[in-house]
Amino acid sequence: MRRDTLSHIKDTDYLGISTRIHAMENRMLTRERMDRMIEARDDAEALKVLSECGYAGGETIEVQNLEQVLAAERASAFREIRTALPDTRIADVFQIKYDYHNAKVLVKAQALGKDGERLLLSGGRYDPKELLEGWRKEELRGLSDAFRTALKQAQETLAATKDPQMSDLVLDRACYEEMAQLAKDTGSKFLQGYVSLSVDVANLRTAVRVHRMDKGSDFLSQVLLPGGSVSPRAIAAQRGEELSSLFQTGPLAGAAELGSKLAQPGAGALTAFERECDNALTAYLEAARRVPFGEQAVIGYLYAKEAELTAVRTILAGRRAGLSGERIRERLRETYV
């Protein structure tokens with residue numbers, strides 16, 4: 001029996017890749033491995049843990065080239081998954097943010113008359129060097145219609161308003177709209193739920209920050225994104241201390257409660273709030289581990305891999321800053337494995 005009418009792909013088509021992913025999860029950065037990195041005598045010992053997790057370079061990894069190592073690991077993970085996916089649009093949903101980051105770089109660098117090549121990120125659907133070359137030649141080929149249109153609109157918006165925040169907003173909206181369409185096209189309700197929750201997370205974070213800056217509902221309504229379980233209109237209509245009422249029955253209940261307490265100018269640090277937002281996404285995706293085979297395993301792994309890269313940065317940045325193990329752990333999110 002077919003699992004959906006859009007992609008015509010069955011759950012059993014994911015049997016092979018699901019088995020591979022469950023094996024790959026054994027190499028991931030568990031909480032025990034994170035603790036070893038945190039408590040290591042020096043950075044060299046901490047980095048040895050990454051070699052155990054299969055990161056390229058083995059024990060020759062150095063802090064100085066960490067970003068290159070992480071970029072290579074991200075690209076390798078996407079490449080390995082894409083080659084085995086029955087529907088590559090699932091990977092697209094996770095890769096798309098790198099394309100839109102690069103779009104922001106291209107648009108603003110052009111407006112400033114600068115070369116933004118060093119700020120481009122790999123890991124997207126489109127090779128950053130090819131994207132840059134096409135942008136320079138005004139020959140943007142091989143791109144989705146949505147992405148090409150968003151690039152043009154952002155360029156026109158920045159030229160008209162001279163406000164990079166407005167051009168970024170054009171691209172942010174287009175990014176989430178394209179994510180939502182891709183998820184819908186796969187027919188995966190689980191992936192659609194992830195995208196919707198991601199929009200809710202983005203909007204809750206935005207609302208808390210806007211209220212802390214003491215900006216009004218008119219400004220807030222301009223910067224909120226459509227596509228979440230709570231409408232932008234409803235969020236913009238609430239006072240900062242009332243935000244928790246909008247999310248009290250969903251996965252963001254804990255994060256929204258913290259956010260409501262911090263949504264005033266001069267309120268405390270947002271560290272715990274930010275962590276709870278990310279933990280809500282992790283909790284949603286943990287359901288994927290209970291599914292023996294299907295697209296859920298792929299979705300959970302792709303999210304977990306990116307969360308792992310963030311954890312590595314957090315740990316090593318904390319070590320370099322001389323933070324205690326306790327302080328570093330406060331900044332870490334819940335782990336998927």
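Q: How is the packing of helix H9 (residues 189-212) against H15 to be described?
A: Two packed helices are described by the angle between their axes and the distance between those axes. Helices here are DSSP runs of H or I with at least four residues, and strands are runs of E with at least two, numbered from the N terminus. This is a predicted model, in which local features need pLDDT of at least 70 and side-chain atom pairs count only at pLDDT 80 or more, while totals for chains, interfaces and linings use all residues. Residues are numbered from 1 along each chain as its sequence is written, and side-chain values use heavy atoms, with hydrogens and water left out. The axes of H9 and H15 lie 9 Å apart, at an angle of about 30 degrees; axes are lines fitted to C-alpha atoms, for helices over the stretch in contact, and angles run from 0 to 180 degrees between N-to-C directions. H9 is therefore roughly parallel to H15 (under 35 degrees; over 145 is roughly antiparallel, 65 to 115 roughly perpendicular, and the rest oblique).

Q: Which residues of H9 and H15 meet?
A: From H9, Phe190, Leu191 and Tyr194 meet Glu295, Gln296, Ile299 and Tyr303 of H15. Contact means heavy atoms within 4.5 Å.

Q: Which residues of helix H3 are buried, and how are they arranged around its axis?
A: Buried means under 20% relative accessible area, exposed over 50%, and partly exposed in between, with a 1.4 Å probe and protein chains only. In H3 (residues 43-52), Ala46, Leu47, Val49 and Leu50 are buried. Viewed down the axis of H3, they fall within an arc of 135 degrees, so they line one face of the helix; the arc is that of the directions from the helix axis to the C-beta atoms. Helix H2 (31-39), helix H4 (66-82) and helix H15 (295-320) pack against the buried residues of H3.

Q: What is found at the N-terminal end of H3 and just after H3?
A: Asp42 caps the N-terminal end, with a side-chain oxygen 3.3 Å from the backbone nitrogen of Ala44. A polar contact is a pair of N or O atoms within 3.5 Å; within protein, one must be able to donate a hydrogen and the other to accept it, and residues adjacent in sequence count only if both atoms are side-chain atoms. Just after H3, Gly54 adopts a positive phi of about 90 degrees. Gly54 is also among the residues touched by Glu73, not counting those up to four places away in sequence, together with Tyr55, Ala56, Lys305 and Leu309. Glu73 belongs to helix H4 and is buried at 10% relative accessibility.

Q: How does H6 compare in its buried and exposed residues?
A: Pro128, Leu131, Leu132, Gly134 and Trp135 are the buried residues of H6. They cover an arc of only 165 degrees around the axis, which puts them on the same side of H6. The exposed residues Lys129, Glu130 and Lys137 sit on the face turned away from that buried side. H5 and H7 are included in what covers the buried residues of H6. At the start of H6, a side-chain oxygen of Asp127 comes within 3.0 Å of the backbone nitrogen of Lys129, and just after H6 the residue Glu138 takes a positive phi of about 55 degrees.

Q: Where does Arg125 lie, and which side chains does the side chain of Arg125 join in polar contacts?
A: Arg125 is in the loop between helix H5 (89-112) and helix H6 (128-137). Arg125 is buried, with a relative accessible area of 19%. Its side chain makes polar contacts with the side chains of Asp99 at 2.7 Å and Glu178 at 2.8 Å.

Q: Is Arg148 buried or partly exposed?
A: Arg148, in helix H7 (residues 145-161), counts as partly exposed at 28% relative accessibility. The side chains of Arg148 and Asp145 are joined by a polar contact of 3.1 Å.

Q: How many disulfides does the structure contain?
A: A disulfide is a covalent bond between the sulfur atoms of two cysteines. The cut-off is a pair of cysteine sulfur atoms within 2.5 Å. A search of the whole structure finds zero disulfides. For Cys175, the nearest cysteine sulfur is that of Cys277, 18 Å away. Cys175 is buried, with a relative accessible area of 7%, and Cys53 is buried at 2%.
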